[in-house]
Amino acid sequence: LFYIWFAGSGVSAYIFTRVLNFGMVARISSSLIYMINPFALVLIWSISQGQVQIEYALLPAIIGLFIYGITNKKSFRYIACLQLLWFSLGLFGTQANVQLTLVYWIIIFIIFIFYSLHKISKHDISSFFHGTKFLAFSIIIFGMLNFYWLIPTILHLPQYFQHYTGMAETAFIPNIDVYRQNSVFISGAIRLMGYWAFDGAWEGGEYYSFASIYASNIMIMISFIIPTIVIFGIRKLKSVSLLLIPLYISGLFLIKGVNPPFGWINEYIFINFPLVQTSRNAILTWGLLTTLCTSLLFGLGVGSIYQWLSKHSKTIKLPHANIFGVSLILFLVIGVLGFPFFTGDVIHSPTNDITSTDVRIDVPEYYDDFKNFIDSEQGDFRILALPLHKAGNVFLNWTHGYIGPDPIFWFSDKPIVYWNNLSPMFKLLGESFGDKPIN
């Protein structure tokens with residue numbers, strides 16, 4: 001799955017660049033930087049539970065197809081196919097990551113708002129109304145495909161989010177403290193860096209064994225190539241690609257959280273609107289949007305440099321200056337800044353057998369014995385894993401350790417009850433679809 005998601009993220013970004021009519025060099029550069037960048041290194045590909053990779057990988061394609069549909073005035077059939085694509089890829093439903101699904105829709109609403117403002121300013125009212133209809137039908141079809149679980153729960157969503165806030169504060173620390181901790185300074189956000197734990201450590205060792213290398217002056221200078229090239233990309237924006245400007249600004253404003261400038265605005269909204277507290281991990285939530293825009297603008301900037309060098313190659317008097325220049329930029333930003341992708345360190349190695357820093361898992365053989373036993377049993381039954389967990393994860397003393405959802409979930413097709421977080425949403429779903437829900 002890692003290789004599918006990893007390669008898929010590049011293909012997804014390439015689709016978006018086609019929608020924006022980028023040149024070939026810009027397309028390839030955008031795709032590569034979206035696959036290999038500091039944010040993805042630390043917060044996407046190194047996380048093992050598979051709850052963020054698919055959302056990250058498919059974001060460019062889904063947003064790109066939405067932009068293509070709204071700008072080309074596509075029909076109801078196109079909208080239905082796009083929403084069915086969401087559905088088939090598992091991007092919504094009861095198993096979807098609701099937090100990141102909200103990010104998708106917030107991005108779509110930002111696009112719609114600025115697309116509409118542009119059309120109104122040009123007195124193109126027909127395009128404005130078509131865009132409104134396109135968005136409305138997208139929401140309606142999305143709702144219909146989620147009808148089976150939204151209806152039983154939608155009236156109780158405030159209760160759910162209040163519970164979510166209370167549970168998080170009881171099990172961990174107050175949401176506002178998590179939000180402050182995961183807010184990123186602008187100087188880090190523009191380089192796709194700034195995660196608080198990147199250069200941190202605990203009794204088991206460093207969170208990221210390669211972090212100290214990034215503290216060197218040379219690596220810091222290389223990281224600033226990213227925002228420098230982005231500036232070149234912004235200067236080349238035109239037509240539909242101008243929608244990247246409000247998206248990029250929104251991403252930077254949201255990912256910085258409580259940090260200046262105007263951090264008090266984000267903090268006020270976070271405290272007073274429980275729904276927003278699902279995005280308490282600001283860098284992970286809004287890093288998707290920031291990384292998407294940065295990658296596209298970076299690729300466009302690399303493409304503009306390639307064109308400039310091609311045009312002035314005779315003046316520079318350097319054979320193949322365009323190829324050399326682009327290759328040097330990509331080597332530094334992808335090859336050097338993204339070196340853990342090539343050394344294999346993107347996948348964490350064991351650190352003193354401490355479970356939470358080891359994602360190379362050696363599953364004991366008795367889990368296969370469990371699977372064989374369950375498969376041999378007849379009839380309709382459920383499996384109860386004891387003790388029930390309140391936070392969703394378990395710690396197991398395996399050879400290399402393990403932390404994550406109870407692994408028996410992956411060894412049987414039968415329903416498995418291993419988590420009881422007392423959430424009212426789960427209770428409501430149980431009351432809707434089961435005769436005797438588990439309390």
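Where do the axes of helix α2 and helix α16 come within reach of each other, and at what angle do they cross? I started there. This is a predicted model, where I take local features at pLDDT of at least 70 and side-chain atom pairs at pLDDT 80 or more, while totals for chains, interfaces and linings use all residues. Residues are numbered from 1 along each chain as its sequence is written, and side-chain values use heavy atoms, with hydrogens and water left out.

**Entry: α2 on α16**

I found that the axes of α2 (residues 24–35) and α16 (residues 282–311) come within 7 Å and cross at roughly 145 degrees. For my notes, axes are lines fitted to C-alpha atoms, for helices over the stretch in contact, with angles from 0 to 180 degrees between N-to-C directions. Helices here are DSSP runs (H or I, at least four residues) and strands are E runs of at least two, numbered from the N terminus. The α2 and α16 crossing is right-handed; that word means the near helix is turned clockwise from the far one by less than a right angle, and left-handed means anticlockwise.

I then listed who touches whom, with contact meaning heavy atoms within 4.5 Å. From α2 the contact takes in Val25, Ala26, Ser29, Ser30, Ile33 and Tyr34. On the α16 side I noted, among others, Leu292, Ser295, Leu296, Gly299, Val302, Gly303 and Tyr306. The classes are: Ala, Val, Leu, Ile, Met, Phe, Trp, Tyr, Cys and Pro nonpolar; Asp, Glu, Lys and Arg charged; the others, Gly among them, polar.

**Entry: α6 on α16**

I looked up α6 against α16 too: their axes come within 10 Å and cross at roughly 35 degrees. This crossing is right-handed. Gln99, Leu100, Val103, Ile106 and Ile107 of α6 meet Thr285, Trp286, Leu288 and Leu289 of α16. I sorted those residues into seven nonpolar, two polar and no charged.

**Entry: rings**

How many aromatic pairs does the structure hold? I get 26. Rings of Phe, Tyr and Trp (its six-membered ring) pair if their centres lie within 6.5 Å; planes under 30 degrees apart are stacked, over 60 edge-to-face, and the rest tilted.

I picked Trp86 and Tyr104, an edge-to-face pair at 5.5 Å centre to centre with 80 degrees between the planes. Trp86 sits in helix α5 (residues 76–88) and Tyr104 in helix α6 (residues 98–121), 18 residues apart. Trp86 is buried at a relative accessible area of 1%, and Tyr104 is buried at 2%. My cut-offs: buried is under 20% relative accessible area, exposed over 50%, partly exposed in between (1.4 Å probe, protein chains only).

Trp86 also pairs edge-to-face with Phe142, at 5.9 Å centre to centre and 80 degrees between the planes. Phe142 is in helix α7 (residues 125–145), so this pair ties α5 to a part 56 residues away in sequence. Phe142 counts as buried, at 14% relative accessibility.

Elsewhere, ring pairs link Phe6, Tyr34, Phe39, Trp45, Tyr56 and Phe341 into a cluster.

Charges over rings came next: NZ of Lys or CZ of Arg must be within 6 Å of the ring centre and within 35 degrees of the ring normal. Lys256 has its charged end over the ring of Phe253, 4.5 Å from the centre. Lys414 lies over the face of Phe381, at 4.9 Å from the ring centre.

**Entry: α13**

Which residues of helix α13 (residues 225–235) are buried? I noted Ile225, Ile226, Pro227, Ile229, Val230 and Gly233. They pack against α3 (38–43), α12 (217–223), α14 (244–255), α16 and α18 (321–336).

**Entry: two single residues**

Leu1 is in the segment before α1 (2–19) and counts as exposed, at 67% relative accessibility. Leu1 and Gln53 are 52 residues apart in sequence and 9.4 Å apart in space, C-alpha to C-alpha.

I placed Ile213 in the loop between β2 (205–206) and α12. Ile213 is partly exposed, at 39% relative accessibility. Not counting residues up to four places away in sequence, Ile213 touches Met219 and Phe339.

**Entry: whole chain**

I count 21 helices and six strands. Of the 439 residues, 48% count as buried. Among contacts between residues at least 6 apart in sequence, 74% join residues at least 24 apart.
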